Amino acid sequence: MNKTNPIALSNMNYFDEIEAVFRMLKLPKNIEELVKEYLFRHWSEMPTLSNEAYKGEIPDFQICRRKPLTRLAIIIYLLTDKKRILESKDIDEKIIAETFQDVSLRAKLYFESHGKIGISKQDACWHRHIMNLKIFKIGELQFQDFDMIYLDKEGIGEDYMKFSEEQKERLPKGTPVLNVHIQRGALLNIDSVKKSFDEARLFFQKFFPNRKYQAFICCSWLLYPNMDEILPEHSNIRDFKKLFHVIGQVQDSEDAIRDIFGKRYRAKKDFPQNTSLQISALQSMHHLGMGFGIIDF
């Protein structure tokens, strides 16, 4: 009678689990096939690579020293364990899948920008939040369990933004908050956005009961007050911005340019002008910046 090889059986179970992750990710076929090929070719190395991936400090994690394809394969391998943990907490499969699909989005954007399969160092760093089980996509928005910080000398070591002392007293540094992130291409229909906030309140109160959240916070070019100058009267961005009380701002246009145009071009004539927002932003670059907003929990 043949005995079952426990190592082979363990690998078989892991292969099944990683296939389930790929089904959740819904990657383009060309990306999925190459990553699978890489994983199975380097299977014996993956436990070590994944264990070491997020050792070190930002932005010098071990994963950042790997090649783009290796980074993406490591992240997907790690998602298998994260999926198991989240399912054990009875978190809805739809939320798990849509949270993980941030990896798919960034892999697709990387392929569009570089013409090769993988993920950037910056995005590999970003995905530490998924690995730490601190961020979830709920509806149209991502919400991150976070401790309040002010982007000034006291908070980050430089005066990136100015904040009033009254504001700091009202919502002290270190207070539990939910940090709101907007993925590229998110549909900011106001009804969908409000539904995301409502569902996020319920989700985090249920799964993080010891965290007494006081506010939602968001730092984004969407919240820059001068954006009103280039937005039409009826605009999803304008409606989104109205939900927040903006407490800080800075004329830093880099994030806006990246999200609106894909990247910064050398000559003005090279910027794409395929949408009304692109046309308006190109004509008024001085109206682009970053805003820091809050919504009471």
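At what angle do the axes of helix 2 and helix 4 (residues 68-88) cross, and within what distance do they come? In this predicted model, the two axes come within 10 Å and cross at roughly 80 degrees. An angle of 65 to 115 degrees counts as roughly perpendicular, and helix 2 and helix 4 are therefore described as roughly perpendicular to each other. On the side of helix 2, the contact is made by Ile31, Leu34, Val35, Tyr38 and Leu39, while helix 4 contributes Leu69, Thr70, Leu72, Ala73, Ile76 and Tyr77. By residue class, this contact comprises 10 nonpolar residues and 1 polar residue, with no charged residue taking part.

Within helix 2, the buried residues are Ile31, Glu32, Val35, Lys36, Tyr38 and Leu39. Because these residues cover an arc of only 165 degrees around the axis, they are placed on the same side of helix 2, whereas Lys29 and Arg41, on the other side of the helix, are exposed.

When its neighbours within four places in sequence are left aside, Arg238 is in contact with Asp228, Leu231, Pro232 and Glu233.

Notes:
Residues numbered from 1 in each chain as written. Predicted model: local features only at pLDDT ≥ 70, side-chain atom pairs only at ≥ 80, totals over all residues. Heavy atoms only, no water. Buried < 20%, exposed > 50% of the residue type's maximum accessible area, 1.4 Å probe, protein only. Helix = DSSP H or I, 4+ residues; strand = E, 2+ residues; numbered from the N terminus. Arc of directions from axis to C-beta. Axes fitted to C-alpha atoms, helices over the stretch in contact; angles between N-to-C directions. Parallel < 35°, antiparallel > 145°, perpendicular 65-115°, else oblique. Contact = heavy atoms within 4.5 Å. Nonpolar A, V, L, I, M, F, W, Y, C, P; charged D, E, K, R; others polar.
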